[in-house]
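Work through the exercises below with the sequence and the model side by side, trying each task before reading its solution.

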Amino acid sequence: MCGIAGVLTTNNQIDLTDSINTMVAAIPHRGPDAHGSWTDEQAGIALGHTRLSIIDLSESGAQPMVSLSGRYIVSFNGEIYNFIEIKRELSSLGYNFKGNSDTEVLLTALEHYGIKEGVTKLHGMFAIALWDRQLSELTLIRDRVGEKPLYFGQSGDSIFFGSELKCFFDLPFFAKSIDQKVVGLYLKYKYIPSPYTIFENVNKLEPGCYLTIQRGQSINNVEAKKYWDPKNLLESNSRYTGARASTSHIDIVENKLTNVIGRQMVSDVPLGAFLSGGIDSSLVVALMQKQAREKIKTFTIGFDEKKFDEATHAKKVAQHLGTDHHELYLRPNEIGEAITKM
């Protein structure tokens, strides 16, 4: 988990360095390993990033990152699971890479293929902010199903965005005005549906979409473009429906899950998994251990109250799969003591 933030403005009175530092300082929990910022006062743009280092722990993976040509700058939260395949493809086209990060591959792919084609090549979870120096355009991109959050809004002539709403709270130009229309939605659904937020003039970028904003343009005059829709996916895969035996469907699902989990196991730090002993986590752990060279670490939270405790089920699964298993039992007094901190 990382965090991104940024400001795009035509107001010369706004201190961009102070603004981006304020925004990044509000979300240190999203990236405890490092933080960085990039500003261009003349262009009125500032990008910020907090980093949780998973792939390429060196400085060559630090963000915000400038493309090899110098045209694009990116701040990116998430992980690109197929970056090795994309890197191989780009290398065959003559691109050279300074490091081993998925960020550099992502940035190069968007520059080479363009945003519309480039984003469809990305398999992963991501919230991306991409600044185009040549066109003075900011593009915000969110992953297919919205695993990574991305909020954006406008106040006067300033556009701002971030991984959390709290990025905006201490900005002097951000008005914490409650959107009264949204209160009704919250009371009806018990949550605030996209693209709305609790604040006026602040939205969530919807999953599978990207939004391109030129400097000086109002967000009211731009429309997010959808690059992925599950309905289209279902229609394109309709050839599988009723055309194959149930065993083939099982094979298809197993192969898909094996490939997806294998891609997500690419890491420069140790990997583990929460294991409850239920079907979902047991299946994930089984496919992880199947592809791992060493015992993977599994973790289970247990309770002394037997009707809530699943640790015994998890332990049996861990023993069967041969994982390096760890148990932590939480007791009522520990939970109570943590409430104040939370």
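The model is predicted, so local features need pLDDT of at least 70 and side-chain atom pairs count only at pLDDT 80 or more, whereas totals for chains, interfaces and linings use all residues. Residues are numbered from 1 along each chain as its sequence is written, and side-chain values use heavy atoms, with hydrogens and water left out.

**Exercise 1.** Determine the span of helix H3 and which elements its buried residues pack against.

*Solution.* Begin with the boundaries: helices (H or I, at least four residues) and strands (E, at least two) are DSSP runs, numbered from the N terminus. H3 covers residues 102-113, and its twelve residues reach 16 Å from the first C-alpha to the last, close to the expected 16 Å, where the expected span is 1.5 Å times one less than the number of residues. Next comes burial, for which buried means under 20% relative accessible area, exposed over 50%, and partly exposed in between (1.4 Å probe, protein chains only). Ten of the twelve residues of H3 are buried, among them Asp102, Leu106 and Tyr113. Finally, the buried residues of H3 pack against strands E4 (65-66), E5 (72-80), E6 (124-132) and E7 (137-142) as well as helices H2 (83-92) and H4 (115-120), with contact meaning heavy atoms within 4.5 Å. Just after H3, glycine 114 takes a positive phi of about 85°.

**Exercise 2.** Describe the surroundings of isoleucine 73, and state whether this residue is buried or exposed.

*Solution.* Isoleucine 73 is placed in strand E5, and its relative accessibility of 0% makes it buried. Leaving aside neighbours within four places in sequence, its contacts include Trp38, Leu47, Met65 and Ala129. For alanine 129, the C-alpha to C-alpha distance from isoleucine 73 is 8.3 Å, although the two are 56 residues apart in sequence.

**Exercise 3.** Classify the ring pair of phenylalanine 160 and phenylalanine 174, and locate both residues.

*Solution.* Rings of Phe, Tyr and Trp (its six-membered ring) pair if their centres lie within 6.5 Å, and planes under 30 degrees apart count as stacked, over 60 as edge-to-face and the rest as tilted. The count by this rule is seven aromatic pairs. Phenylalanine 160 and phenylalanine 174 form an edge-to-face pair, at 5.5 Å centre to centre with 80° between the planes. Since phenylalanine 160 lies in strand E9 (residues 158-162) and phenylalanine 174 in the loop between E9 and helix H5 (180-189), the pair ties together parts 14 residues apart in sequence. Both phenylalanine 160 and phenylalanine 174 are buried.
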